[in-house]
Amino acid sequence: MLFLFRIVSTIIACEGNYGHVKCRPGYVIKVLSANYGRTSRKICRSKSVRTTKCINKGTLGKVKQLCQNRRRCRLLATSRVFGNACKGTKKYLSVFYTCRPKRKFFFLFHFQNKGQNVFFL
């Protein structure tokens, strides 16, 4: 059995605020998923919530355009930047990302744990 571990980070920016996506030196951003909309009442609480089924399919492409392969980026969570997928509902930006080494090569560490192979990149 092969295990590969990757730390996934998340940022949340309530409508009208900035979200900061960043990696440590020597690493760059790899965007995994993103949405500017609303899927929960508990995040960025507001009285202006008509729906929690607000998915903006254009968000991922926009976030990748602004952040992919950079060490850091700043995203303004507004309909002007991402579009208004659900009028009358206060939205928030959520971005799931990981940081990968800036260089193309990497080290692979291997050990056995209870007879199973474990690899770390």
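How many aromatic pairs does the structure hold? The structure holds one, a pair being two rings of Phe, Tyr or Trp (its six-membered ring) with centres within 6.5 Å. The model is predicted, so that local features need pLDDT of at least 70 and side-chain atom pairs count only at pLDDT 80 or more, while totals for chains, interfaces and linings use all residues. Residues are numbered from 1 along each chain as its sequence is written, and side-chain values use heavy atoms, with hydrogens and water left out.

Four disulfides are present, each a pair of cysteine sulfur atoms within 2.5 Å. One of them joins C14 to C44, with an S to S distance of 1.9 Å. The torsion about this S-S bond is about -85°, so the disulfide is left-handed. Another links C54 and C86, whose sulfur atoms lie 2.0 Å apart; here the torsion is about -90°, and this disulfide is therefore also left-handed. Both C54 and C86 are buried, that is, under 20% relative accessible area (1.4 Å probe, protein chains only).

The disulfide between C67 and C73 has a torsion of about 85° and is therefore right-handed. C67 has 0% relative accessibility, and C73 has a relative accessible area of 10%.

C67 also belongs to helix α1 (residues 59–67), where the buried residues are T59, V63 and C67. Seen down the axis of α1, these residues fall within an arc of 40°, so they line one face of the helix; the arc is that of the directions from the helix axis to the C-beta atoms. Just after α1, N69 takes a positive phi of about 65°.

Key:
Rings of Phe, Tyr and Trp (its six-membered ring) pair if their centres lie within 6.5 Å; planes under 30 degrees apart count as stacked, over 60 as edge-to-face and the rest as tilted. Buried means under 20% relative accessible area, exposed over 50%, partly exposed in between (1.4 Å probe, protein chains only). Helices (H or I, at least four residues) and strands (E, at least two) are DSSP runs, numbered from the N terminus.
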